[in-house]
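Here is a short briefing to read alongside the model. Have the sequence and the 3D view open, and let's walk through a few spots together.

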Amino acid sequence: MRSFEPYPIQVQICCVWNFLIVSGILILMSSESCGSSLLLALSDDLFSIITCSLSLKDICNLGLCCRNLYELVDCEKVWLTQCELVGIVPLQDLIEWRKAVSSYKALCRFLFSVQPFMGIWVHQNPELGNVVYVMPGFVSVVGCRVIPQELGPLGIEDGPILWAPVFEIICDFDGSTAFLLHGREKGGNYVYPGLVKHVGRSCNVLLLEIEPRQLKHGSKSLLHSKSFVHYPDTELSKNICRLNSGLSRSQRVSGQGETLVPFSRLGFSDRRKLLDVVTNQIRLKVPGVSIGPLFPRLRDNEENFQKDMMLLSERRSMLLQMLKLGEGYMDSKGSSQLPFDRTQLQLNGFRKSPGQTSDFHNIISEDTSHRQSSRRKSIGRYFKDSLNQILGKSISFNGNSKNGCSSSSESKYASLPEFLSSSDTVGLTLHASTVKLSSYRAWPNMHDSRFAIYKLPLRIPSVDHEYAGLWGGTFGWPPGKPTKDKPGKALFFLLLSYDECQGQQQLIATKILEGTHYVLHPNGSAMFIVNMDEPSTDPFPWDTDVDSLTVNIKHALKGEGIANGYGFRYPGSKPGSLFVFQDGHLAFIWKESRAVLTLQRLNLQELLRKGERVPALPPIANFSYLTKSYSNVFAEFPHTSSTTWASAREDQSDALGENLR
């Protein structure tokens, strides 16, 4: 007699799921049946497996049907399964993270909200590369900037990668988010608290903005309550009337329907000044204990890992306490100041604090005088054009074009008083936005006046796209560790992606980081392009590798590599071949010069966990460095040792901060 063999778990799930669907149809046909009893009869384990095929929205809606289903959906096992499905951290880390939050449901809320942030973000400036990688921290996600650098003596896998913190998004006890921008000023490390805004599932741009916000209570006319600017009463009334005249009637309704002026409507100079003033007011100095690790090291040493988790837990508690109590957080003696919400700055407070008002007063005065000057020019031009029309003189085409551009420019941007008068408070905001961007060879075309970083789509390797993903390497053979005659090799990060051109599949290697002292090729340029359908017959020049082992070539493909062209911005190309090794490594060789670029696939998260943290730039430049630069602004000094490098890096950061101020 054959022994009974149970069906696989997948078959059991399908059978149960089909049973539930059929039962649901029968329940709809019979008004006397209670459908929830069928689900309530299932075990927690089986129900959590079934919910894997439901979206979070469907699970939440299921819990709204009745009290019994709410209790069933609120089960910890259900939300632990959902946390795993989000895919940010493994099960072992989820168990550790759960200790810091109220429930797995709260943790899932956080993980789902920050999932779009994960991955690689870039900016065009500086040209050596500006790579920010967002990865898990401890009950948080951390944006880390990879510093352009030379390859260390231990190579890519074993050598420490230099990185600097850019921002953190921390999970509170209830699963809500807290945004912290990192920066360094006047020899000290600071965090700049704010809020996370509009996280779209397909966001591709992160914007650093100042957001106007309304107070929850109060029925006074908000437009007429913004008198913190030190104008005389008569002048203030004129300015308010002028501001109101530029708004629609619905926008001037007292206490209702107020339309906030978006930060993007301000001119670049106003945006930069406002960011500088607000970050200066909300910054919090980080105590020594809170400068510790931002994420744990690898689990190869369990003792060190547990020490890291303890330090991370203490650091997180300290930061959350600082956010809730401001600079007056509870000290060891038990003294504290009144709580102050650092995520927003009440504008009414500037009326009562002359010292704090000076920064706002200066930028308002500059903005007003500039606009009055522009207005006088516009009035003079109007009378001049009118006089020409009266005299029968035609206005030149160039004159019309110029005037048109001027009036378009004036209407394009909002004034700073208008922005500030539309709200009760302002605060720092990380705005995750979805923008339609054009791209050239997998590199997005970026705005040069937005304080933003842009997401690079990181494709998962597949059968058809075998080499897609992030690769790193150096020039020269043999690959790997530097030698005595060549102690420092520039480390390159390349993003490999596929594209169709004239019916043929191409492999494009986009440069996103270059570790030279002075840039050789533009950021985002294609280091090489390979035709995947055209094999190469060129022989590989070397027979052995760094360990004197025989080189095994899997196959070779024809392509073109970057070369000098018409200036720096428009490089040319020269023929070459891409060689694929049996161990999975790649090497592109320029045919004429015999220069070789060797590459290996990178796990950037593991490299950063083994990496070395260095000080950050001042806050605004630390998030988005907009100044055109061709040298390494993140590390101007050679990496001789961790101590001397960090000390020199701090001096450079302080000097840069003073210049930006």
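Contact here means heavy atoms within 4.5 Å. With that cut-off, residues 24 or more positions apart account for 69% of the contacts in the protein with a separation of 6 or more. This is a predicted model, in which local features need pLDDT of at least 70 and side-chain atom pairs count only at pLDDT 80 or more, while totals for chains, interfaces and linings use all residues. Residues are numbered from 1 along each chain as its sequence is written, and side-chain values use heavy atoms, with hydrogens and water left out.

**Overall picture**
- The protein has 19 helices and 24 strands; these are DSSP runs numbered from the N terminus, with helices being H or I of at least four residues and strands E of at least two.
- Of its 661 residues, 47% count as buried, where buried means under 20% relative accessible area, exposed over 50% and partly exposed in between (1.4 Å probe, protein chains only).

**Strand S18 and its partners**
- Strand S18 (residues 504–514) has nine of its eleven residues buried, so it is largely enclosed by the rest of the structure.
- On one side of the pairing list is strand S17 (residues 492–501), which pairs with S18 in the antiparallel sense over ten bridges; two strands pair if DSSP finds at least two bridges between them.
- Within that pairing, Ala-509 of S18 is the bridge partner of Leu-496.
- The S17–S18 hairpin has two residues between the strands, and Gln-502 takes a positive phi near 55° there.
- S18 also pairs with strand S19 (residues 526–535), in the antiparallel sense over five bridges, and Ala-526 in S19 is the bridge partner of Thr-510.

**Gln-124, in a loop**
- Gln-124 lies in the loop between strand S1 (119–122) and strand S2 (131–136), and counts as buried because its relative accessibility is 16%.
- Its side chain makes polar contacts (a pair of N or O atoms within 3.5 Å; within protein, one must be able to donate a hydrogen and the other to accept it, and residues adjacent in sequence count only if both atoms are side-chain atoms) with the side chains of Glu-127 at 3.3 Å and Trp-443 at 2.7 Å.
- Beyond neighbours within four places in sequence, Gln-124 is in contact with residues including Asn-523, Arg-569 and Lys-628.

**Gln-600, in a strand**
- Gln-600 sits in strand S23 (residues 596–601) and counts as buried at 17% relative accessibility.
- The side chains of Gln-600 and Glu-157 make a polar contact of 2.8 Å.
- Not counting residues up to four places away in sequence, Gln-600 touches Ile-156, Glu-157, Trp-471, Gly-472 and His-585.
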